[in-house]
Amino acid sequence: MKAATRYSHSFPKLACPGGQDGIIISTNKLNRVVNVDVENRRMTVESGVLVGDLINEAARNGLALLQTPNWWGLTVAGLLATGAHGSSLWGKGGAVHEYVVSMRIVTPATAEEGYAKVRSLSESDEELDAAKVSLGVLGVVSQVTFEVEPMFKRAITYVTKSDADLGDELIRFGKEHEFADLSWYPSQKKAAFRIDDRVPFNRSGDGLSNILAYRSAPSAQLTTIRGTEELREATRDAKGKCLDAQMDIRTAETSAYGFTNNGANFTGYPVIGQNNRLQSSGPCLDSKEDALLTVCPWDSRFQLAFYHDTTFTISLSNVSSFIKDVQKLVKLEPRALCGVDLYEGFHLRYIKASSAYLGRTKDSVDFDILYYRSKDPLAPRLFEDILEEIEQIGLFKYGGLPHWGKNRNLAFNGVIKKYPNASKFVSVKRKYDPQGLFSNEWTDQILGLKKGTTIMRDGCALEGLCICSEDRHCAPTKKYFCRPGKVYKKARVCAFEG
């Protein structure tokens, strides 16, 4: 069984029930705000409440939830299950689960207990550290209580500059600004720093976040964009991709990345507004029905955006080295990451170490990287070797922790060994759900209860399903087959196979 939300999805098979006979339990109607305690700064909601509804209801009561993801179409239970986050190195940091003070969760039980048990967890219960980031394997979350604070305003200014010193500048920037984040465009050799801090509430401004990637757009236009990218890939047109990326980045810069000063127009920085209006957005969820003339950019009913999402956190102590390694690859092949820049570059956010058993283990920077995915799993992507190397450097050389709801299979190979409190989490799982009713093959694999996450078949390394060994053929033709220990001076395609 799996609890699912109205927009249920995940990149790996986290949201899937087992086999063909699994059951999905909808939380669609668990959408009430249960209680708002202004005096004690607490807010209790049911698990199916959307982030957008949560922060706007808090605002109506003069309150703010400090951190949320940029996309408000996530439900409370869904974002907690995967460890979703905003961005900050201040206070409790950017992870939303750090602001959970209590939770109710329904777990399986014996016949004598009525087959179900409601467990109430508070900050004094150590098991809350398992439930905060649960992967959905403990049961069904029914209610969550958050710590909130009085509403405040923020001021946002984007500053674009060279990435020459990014590795050294990144940590300082995160410590200087409470809600700092940035977009890094490696192929353009620049980064857009988002200076984002609190300002006095009496500062004038009614700014609004209306992120470009989350807006509905004409379906014909989106189909053309995808068709152009497929043509660039098929003809190996790296120059064309770079020109497209430059145009997209200029558009983002001139449109203030979707921010407006009054909800309609951008007139200049800083953009000042209430926290709930600037921290998250999801305009295409609220767009009117128009017979599919306009759709969200990822609508699967059309041949639109189709991409991989490689996302991992790297500890502050390793961030500078990782960035310098990426810059070395760009120097070797300057056009290699134009395809990433087409998807708004590397999105960098800050997260602090957590007590949650499956939360981040150290103060870190989160790298979110989207890039083209072919509908043909045997078709190598343009400059796939460079992207594969960046993925492996981040995850394996620097021990990056993958986002639980994103990534390709290889990111989770042996991942549970990176979490010191993994055994505590598994103990709570066995206590709450001894029969594994809320587990599937995927969750058992990533928790180390079953063997590996790799799927061995022809071409599997191209999709990140495997890392090849000497006795496996994982690329589309034998000319791509590389043997361990042999030096291939020009065979960059070896990276297809890890």
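1. Two strands are taken as paired if DSSP finds at least two bridges between them. By that rule strand E6 (residues 100–108) pairs with E8, since six bridges join the two. E6 and E8 run antiparallel, and within this pairing methionine 103 stands opposite valine 144 of E8. The model is a predicted one, which applies to every point below.

2. E6 and E8 belong to an open sheet of five strands, in the order E3-E4-E8-E6-E7, with antiparallel pairing. The edges are strand E3 (33–37) and strand E7 (116–122), each of which pairs on one side only. On average, neighbouring strands of this sheet are turned by 10 degrees against each other, direction ignored.

3. Aspartate 37 has arginine 42 of E4 as its bridge partner. E4 in turn pairs with E8 over five bridges, again in the antiparallel sense.

4. How many of the residues of E8 are buried? Seven of the eight are, so the strand is mostly covered, where buried means under 20% relative accessible area. Helix H1 (residues 51–60) lies across E3, E4 and strand E8 (140–147). The helix runs at about 145 degrees to E4.

5. A second open sheet has eight strands, in the order E16-E10-E12-E11-E19-E20-E18-E21, and its pairing is antiparallel. Strand E16 (271–274) and strand E21 (401–402) stand at its edges; each has a single partner strand, so one side of each is left without a neighbour in the sheet.

6. E10 and E16 pair in the antiparallel sense over four bridges, and lysine 153 has glutamine 274 in E16 as its bridge partner. E10 also pairs with E12, antiparallel and over ten bridges. There, the bridge partner of lysine 161 is alanine 191 in E12.

7. E12 has another partner in E11. Strand E11 (residues 181–185) and strand E12 (residues 190–199) are antiparallel and pair over five bridges. Tyrosine 185 stands opposite lysine 190 in E12.

8. Which strands does helix H4 lie across? Helix H4 (residues 166–176) lies across strand E10 (153–162), E11, E12, strand E19 (346–351) and strand E20 (364–372). Its direction is at about 15 degrees to E12.

9. Helix H5 (residues 219–234) packs with helix H6 (residues 238–254) at an angle of about 145 degrees, their axes 8 Å apart. H5 contributes Thr228, Glu229, Arg232 and Glu233 to the contact, and H6 contributes Gly240, Lys241 and Asp244. By class, the residues of this contact are five charged, two polar and no nonpolar.

10. Finally, the second largest pocket holds about 260 Å³ of space. It is lined by 15 residues, and the closest to its centre are Lys13, Glu441, Trp442, Gln445 and Ile455. The lining divides into eight polar, four nonpolar and three charged residues.

Technical notes:
Residues are numbered from 1 along each chain as its sequence is written. This is a predicted model: local features need pLDDT of at least 70, side-chain atom pairs count only at pLDDT 80 or more; totals for chains, interfaces and linings use all residues. Side-chain values use heavy atoms; hydrogens and water are left out. Contact means heavy atoms within 4.5 Å. Axes are lines fitted to C-alpha atoms, for helices over the stretch in contact, and angles run from 0 to 180 degrees between N-to-C directions. Ala, Val, Leu, Ile, Met, Phe, Trp, Tyr, Cys and Pro count as nonpolar, Asp, Glu, Lys and Arg as charged, and the others, Gly among them, as polar. On a 1 Å grid over the protein atoms alone, a cavity is a set of points where a 1.4 Å probe fits but cannot get out, and a pocket is an open set with protein on both sides within 12 Å along at least five of seven lines; lining residues have an atom within 4 Å of a point. Grid points are joined across faces, edges and corners, and a volume is the space filled by probe spheres set on the points. Buried means under 20% relative accessible area, exposed over 50%, partly exposed in between (1.4 Å probe, protein chains only).
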